[in-house]
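Student: Could we go through this model together, one question at a time? I would like to see how each answer is reached.

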Amino acid sequence: MVSIKLDNVSLVYKLHEKLTLSAPDRRVAGPGGRIEGSGRKQFVQALDGVSFELKAGDRLGLVGPNGAGKTTLLKVLYGIYEPSAGTVAIEGKVDALFNINIGFRREATGRRNIVLRGLISGWTEAEIEEKMEDIIAFSELGDFIDLPFKAYSQGMAARLAFSAATALDPEILLMDEWIGAGDASFQDKAKRRMDELAEKAGIIVLASHSEALIQSVCTKKMTLRSGRIESFTTEPRTRAGKPASSNPFSGIG
Amino acid sequence: MIAALNGAVDDISKAMKLHRVWIALAHEDIGDQHRRTTLGPLWLLVNYVAFVGTFVFVFQPAGKDAAGYAAYVAIGLLVWFYLMEVMSMSVSLFQREESFIEGTTLPLFVYVMRLALQSAIRAGYAIAGCVVILLLSGPAVTSSWLWSGAGLLLILLVTPAMITVFAFLGAFFPDSQFIVGNLLRVGMFFTPVFWVYNGQGGVQEYAYHWNPFTYFLEIVRLPIMDGELPVHAFTVTIIISLATWAMALLLLGRYRKQVIFII
């Protein structure tokens, strides 16, 4: 059964002052959050006591100002960040779309990049081979699929990334708001695929600043602020099969 | 300590299961570096042969010492260039892989093996050139050449550990990228790459005996040049290799989850 359960999850990391020969500075890297402590004992509280539960079919929208912890939470769910406290229990095959360029090589063709993206995601060669034509067809790249990735526009790159990430029917799909790239017809198509994925009892977690997108896609909304949950509500979707605006993805990314 | 070692072993075993990823990426790296060039990766061979030729032309001693100098330099440069490339590329490894580290759940050792394989492929072209030079320059082919092969294998085995140690050094101490680069450029003159140590005193005596790179060179060079097994050089190299692996495992186990917060 596909599910996500977080219990009192916190992410705290020490603010490493890198050894350097230059004048000391703060060089903060990694996720956002609150900087606490002083002097050499500074640390960042990126997530603080986050608890929630999602079950099959849920579509959670993460909202909040920059640095609230949206992307950090997505990366905890994906397993990139290890929580400092609390537990994360995830049942289901997870895939993520954080950055369209990850896993893609500029000099390689789209076709070769599908292979590389598949390998990085842990697909077998047979799975890659089996899904190849579907991915190409869904991405609508046509003959461009055999051209180097660097020849692609941002929209074409996003189409390829989305097609590849959703090709193996992930049970849990985590997305940061990058999907604004691409034309309106592809965005509609992408949204239909997300609908299908959720209807197949999957879970979608989407971080966005766009209320229109959240209302159109999500059934639940979590507002984060300084790494804490400010509110967690069930969102009545603004439409039954129709977007809140003519293009819910516009102005994103 | 035990937890750190378990963490490191876990990271390494996951990376080994994902061998298709780092093999594919390493091949892409080599292809990208030479895309649209006429000779492609054969440039690696040309560069190596040109270096050896230049060193032999400039530094070849007169008289009976001239015999075998080409072979001496060919092996010295083969090993030295390999070690230099591995170390200089390693100190910036995690910074170069930042987008992958921040966007995927690949174990860190995948990036280590990607660089290790890439370096081995590049060295393969130099080895081809080296073998040709050895066959042309005269050292008799004997069974002791197999010890040179064992020496090369030992260097390959310690490579992932070297990469790990230098990658963590570069992540926590960014200035090390420049310090290591400069030290390696200078280090070539303090290592018996192209100069021959014949028991003379002075700086060369210290540079020969107290420079760990000497032993990495000698385990490959002495079996071919002298036709014997250099027991002392092998012993020192094995000790250095074990120490490097111990350090690599501790760093990987202890700090692999922190790397994402510091790059």
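Student: Are B:R256 and B:D11 buried or exposed?

Tutor: Good place to begin! This is a predicted model, in which local features need pLDDT of at least 70, side-chain atom pairs count only at pLDDT 80 or more, and totals for chains, interfaces and linings use all residues. Residues are numbered from 1 along each chain as its sequence is written, chains are lettered from A and ligands numbered from 1 in the order in which they are written, and side-chain values use heavy atoms, leaving out hydrogens and water. Relative accessible area decides the matter: under 20% is buried, over 50% exposed, and in between partly exposed (1.4 Å probe, protein chains only). By that rule, both B:R256 and B:D11 are buried.

Student: How far apart in sequence are the parts that B:R256 and B:D11 tie together?

Tutor: Their side chains meet in a salt bridge at 4.0 Å, N to O; the rule asks for a side-chain nitrogen of Lys or Arg within 4 Å of a carboxyl oxygen of Asp or Glu. Helices here are DSSP runs of H or I with at least four residues, strands are E runs of at least two, and both are numbered from the N terminus. B:D11 lies in helix 1 of chain B and B:R256 in the loop between helix 12 and helix 13 of chain B, so the pair ties together parts whose separation in sequence is 245 residues.

Student: Is A:K221 buried or exposed?

Tutor: A:K221 forms a salt bridge with A:E211, with the closest N and O atoms 3.3 Å apart. A:E211 has 37% relative accessibility and therefore counts as partly exposed. A:K221 has 15%, so this residue counts as buried.

Student: Which helix of chain B gives the largest share of the side that touches chain A?

Tutor: Let's start with the contacts, meaning heavy atoms within 4.5 Å: 31 residues of chain B are in contact with 32 residues of chain A. Across this interface the rule finds five salt bridges, and one of them joins B:D29 to A:R105 at 2.9 Å, N to O. Several helices of chain B each supply at least two residues of the touching side, including helix 6 and helix 8. The largest share, seven residues, comes from helix 2 of chain B.
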